[in-house]
Amino acid sequence: MESLSVHSIESFGTHDGPGVRMIIFTQGCKFKCLYCHNPDTIPMDKGTKYELEDLVRRAINMKGYFGKLGGVTVSGGEPLIHSKGLIPLFKRLKGEGIHTNIDTNGRILNAHTKELIDNYADLVMLDIKHINNEWHKKITGGHEVTYPLRFAEHREASGKPMWIRYVLVPGWTDQPEYLHELGNHFKDYQTIEKIEIQPYHQLGVHKWESLGWKYQLSDVEENSDEQLLKAKEILSEYFKEVKVN
Amino acid sequence: MSNRGFKNGNWNESINVRNFVIQNITPYEEDDSFLQGPTDRTKRLWDVCRVALKEERQNNGVRAIDTEIVSTINAFGAGYIQKEDEVIVGLQTDMLLKRAMKPYGGYNVVAKAVSEHGLEVDPKVKEIFTKYAKTHNDGVFDVYTKEIRKFRSLGFLTGLPDNYARGRVIGDYRRLALYGIDALIQAKQQDMDGLVGPMDDSRIRVREEVAEQIKALREMIEMGKRYGLELNRPANNAQEAVQWTYMAYLAAVKEQDGAAMSLGNVSSFLDIFIQKDLVEGTITEADAQEYIDQFVMKLRMVRHLRMDAYEQIFAGDPTWVTESIGGMLADGRTKVTKTSFRFLQTLYNLGPSPEPNITILWSQNLPEGFKRFCSKVSIDTSSIQYENDDLMRENRCSDDYGIACCVSFQEIGKQIQFFGARTNLAKTLLLALNGGRCENTNTLMVPGIKELEGEYLDYNQVIENFKIAMHTVARVYNESMNIIHYMHDRYYYEKGQMALVDTNPKINIAYGIAGLSIIADSLSAIKHTKVKAIRNEDGLTVDFTIEGEFPKYGNDDDRVDDIARKVVNHFNNELKAIKVYKDADPTLSVLTITSNVVYGKKTGATPDGRGAGVPFAPGANPMHGRDTHGAIASLNSVAKIDYKDSQDGISNTFSIVPKSLGADRKDRIVNLVATLDGYFGRKAHHLNVNVLNRETLLDAMENPEEYPQLTIRVSGYAVNFTRLSREQQQEVISRSFHDKM
Ligand code: SF4
């Protein structure tokens with residue numbers, strides 16, 4: 001039986017893609033973002049094995065709630081680590097007429113990933129951590145921004161829908177010049193339907209502590225409404241829809 | 001019967017309001033943009049009410065009590081809020097929020113309620129009810145068996161309507177407006193003429209009942225006269241239609257103080273009169289909204305005299321003026337009309353409120369504009385609940401029904417219910433583990449249950465014992481019900497309401513259970529892990545150790561959800577096998593009102609790991625914090641309980657913080673609609689929806705005066721949050737709030 005390493009399942013997701021969604025949080029991520037609010041999804045060696053058919057059954061049971069918009073989102077951790085295993089899952093979901101969505105940091109783009117997102121993912125939500133390489137590395141634990149950008153290029157070439165997601169961390173990711181740079185980079189993309197600003201919050205701090213890791217952004221405060229508005233204003237110059245999530 | 005320009009049909013030949021509605025309804029498929037705010041008159045009236053409500057809160061929850069007059073349809077003179085501003089008149093007594101004595105349910109309860117507020121019942125009334133008149137309560141306790149008393153006092157059967165009125169009967173209050181009382185008396189007289197020999201018990205009883213009903217109808221004419229209303233004739237316009245309907249309801253709440261006194265489904269009926277006047281240009285939309293606002297305001301002011309102990313099972317002083325709105329007609333058209341919207345609009349015009357207990361009859365086919373408006377109202381007020389119209393219409397074979405009390409189907413004018421409170425089924429499970437003895441008192445309740453053998457609890461053995469226990473509990477429960485309803489008919493017959501129901505209606509007896517999630521999880525633990533009982537010196541279970549993880553109800557996991565489903569099915573079959581007084585048809589509910597707290601208190605530790613005395617989850621809800629897969633998985637577990645096994649209703653309360661429902665208002669509205677479509681699409685029965693922040697509730701606990709209208713849905717009804725006891729408030733707050741993002 002095929003299975004997937006899952007951190008948890010949220011059956012009533014309303015912030016990870018359109019409509020009401022089942023969210024499968026997969027286990028494992030190679031990034032270690034400073035603000036990660038689910039750090040317990042990072043280690044590769046944890047997680048619960050869920051059989052694909054069990055996941056499909058759960059999704060079918062929820063189908064009635066999805067309405068015209070909703071469906072299944074696979075998030076993480078980093079779901080594309082499991083690209084190969086996700087192909088049969090998404091095939092089954094598509095067969096059931098369920099909308100599929102991947103929430104990714106865009107690090108991986110191998111043959112399995114391409115098959116998965118080109119053929120079976122109705123939507124891809126790409127998290128851009130920062131547009132500047134140095135900052136990107138600082139935030140993610142040393143990873144280059146070229147990978148997510150390459151990923152975006154690939155999705156654009158496929159012509160299929162994509163959302164950009166951006167966590168707005170005061171003092172870290174809200175520098176106006178970089179927001180402009182981000183906008184400029186993507187302004188000609190045809191497949192981007194919207195950009196979502198994810199407000200920064202500290203809800204995951206206790207999880208860092210229980211993992212025995214130090215949380216480095218303890219003194220960063222949550223966004224003020226003003227900060228959110230300002231970022232929204234800048235990004236609105238470049239994207240057709242900007243939403244604060 | 002005069003047709004007043006309406007389309008004719010069967011309704012002209014006999015008493016048939018449904019036919020009138022079908023012939024004349026104007027379904028409305030658009031959105032809420034036509035709605036209007038309150039008129040100045042309405043605002044002034046509501047201001048007076050608000051002051052009175054404040055006085056009531058400050059005076060220990062009761063503004064005034066009349067200690068001299070025994071309330072009947074006709075006992076009080078006219079009462080007003082502020083006469084010159086009222087377009088819809090009528091109060092229960094001669095003063096706003098003054099409560100009246102209705103001692104036919106039980107005199108001691110009334111005397112206690114009066115004395116708890118530092119007053120005394122007038123000596124003459126006392127003399128009558130202690131020396132000469134017999135009450136329902138006297139009758140029941142004259143004949144209760146020792147066994148029933150034991151099950152009652154130890155908390156296996158609880159909240160039985162043996163010292164208060166049973167309620168649950170819904171009169172067809174629309175009849176007064178459509179036909180006028182003269183025609184109704186004539187119809188009842190005809191019934192009477194047909195009720196001839198042989199004069200056996202039941203025939204004599206029906207004749208007496210109809211005679212009482214006719215007297216009640218005459219009293220209603222007199223009651224109307226006090227307000228200058230000619231209730232003997234039909235209503236001639238929209239204002240009269242609202243007024244007449246309210247007068248019929250008012251007669252009911254003057255005569256009876258049943259736990260639940262539902263209104264039925266009057267809104268779309270009233271819409272026909274309103275629509276006609278609007279088309280003819282005799283009224284404006286503002287007038288239409290004013291009639292409904294003022295009608296609803298009156299319904300909000302309904303009060304009954306209760307003693308403090310009543311609070312434990314029905315907290316927050318509820319009256320269950322349940323009005324059912326929406327749904328579909330059998331012919332495929334929707335029952336949604338503009339007046340469906342107008343009723344909901346009162347929650348904006350007058351602010352949120354627990355009463356009337358607005359229940360949306362949800363169908364997949366409801367117009368989208370109405371679905372969205374309901375969703376918006378839920379998000380803004382947390383004041384309304386939802387029930388599955390598709391499911392009830394199909395299973396119960398009627399499209400003209402209301403909700404009795406919290407969640408229960410009742411065909412209007414054709415059917416009534418005998419309210420049955422509920423049995424504590426989690427405590428019954430403990431009988432299975434303790435050789436049939438009560439886990440708290442060591443009293444033998446059910447003989448013939450073997451003591452369990454072996455170190456660990458054996459699933460099959462437990463199930464076998466549990467079945468024996470359920471069999472006995474069902475029998476005792478049935479016996480108590482027969483006695484209660486026999487006596488209620490005899491000493492506190494609902495003559496006013498029954499005058500507005502067909503002679504010899506169909507009857508459902510409404511049994512109930514509490515503790516379903518505890519049972520499901522306990523049996524799941526016993527089945528899927530090793531559970532050891534810790535026993536005291538009497539050999540009674542006091543605690544349990546559980547080795548390992550077990551599937552928990554509330555996660556869309558068939559391994560445990562099936563257990564819940566089967567238990568309901570089994571107990572329902574036990575009850576169905578026993579004949580009931582007046583040949584009532586047994587139905588079962590999974591519902592607790594607010595009694596889940598007190599039931600928990602009376603129940604020892606259970607094998608699911610719940611400690612002794614810990615509150616149950618309300619209704620059919622999963623236990624707090626055990627539904628770890630999110631809201632939909634939780635809803636899906638509850639949806640698996642088969643409505644056919646639980647036709648009195650399966651109550652589920654869904655509380656969510658606004659942010660979790662969606663990022664912004666637009667998303668939230670759409671997502672809640674999708675959730676309701678999804679849940680009811682899985683043949684689920686009922687859902688309370690609360691969209692609230694936990695912080696709001698915490699703040700309201702500390703600063704109640706700032707939240708006079710904060711409303712929250714609990715099992716099957718809504719309450720004013722600040723009127724709950726602290727313990728109940730804490731229980732509500734501790735409950736699963738879905739707050740994942
Ligand atoms: S990519 Fe996502 S899951 Fe991975 S560390 Fe960053 S925030 Fe956490």
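Which residue is the bridge partner of B:Thr711 in β19(B)?

1. A word on conventions. This is a predicted model, in which local features need pLDDT of at least 70, side-chain atom pairs count only at pLDDT 80 or more, and totals for chains, interfaces and linings use all residues. Residues are numbered from 1 along each chain as its sequence is written, chains are lettered from A and ligands numbered from 1 in the order in which they are written, and side-chain values use heavy atoms, with hydrogens and water left out.

2. The β18/β19 pair. The bridge partner of B:Thr711 in β19(B) is B:Asn720. Strands here are DSSP runs of E with at least two residues, and helices are runs of H or I with at least four, both numbered from the N terminus. β18(B) pairs with β19 (residues 717–720) in the antiparallel sense over four bridges; pairing requires at least two DSSP bridges between the strands. Both faces of β18 (residues 711–714) are covered, with B:Thr711 and B:Arg713 buried on one side and B:Ile712 and B:Val714 buried on the other. Buried means under 20% relative accessible area, exposed over 50%, and partly exposed in between (1.4 Å probe, protein chains only).

3. The open sheet. Six strands of chain B follow the order β4-β5-β6-β17-β16-β20, with mixed pairing. Because β4 (322–326) and β20 (737–738) stand at the edges with a single partner strand each, one side of each has no neighbour in the sheet. β4(B) runs parallel to β5 (residues 357–362), joined by five bridges, and B:Ser324 stands opposite B:Thr359 in β5(B).

4. The ligand shell. Around the ligand you will find A:Cys29, A:Phe31, A:Lys32, A:Cys33, A:Cys36, A:Ile42, A:Gly77, A:Asn105 and A:Lys129, counted when a heavy atom lies within 4 Å. By class, five are nonpolar, two polar and two charged. Here Ala, Val, Leu, Ile, Met, Phe, Trp, Tyr, Cys and Pro count as nonpolar, Asp, Glu, Lys and Arg as charged, and the others, Gly among them, as polar.

5. Cis peptides to check. A:Gly77 is joined to A:Gly76 by a cis peptide bond, with omega about 10 degrees, and A:Gly77 sits in the loop between β4 (71–75) and α2 (83–95) of chain A. Another cis bond links B:Gly197 and B:Pro198, with omega about 0 degrees.

6. Positive phi values. B:Arg168, not a glycine, has a phi of about 75 degrees and is buried at 2% relative accessible area. B:Asn504 has phi near 60 degrees, but counts as exposed at 55% relative accessibility.
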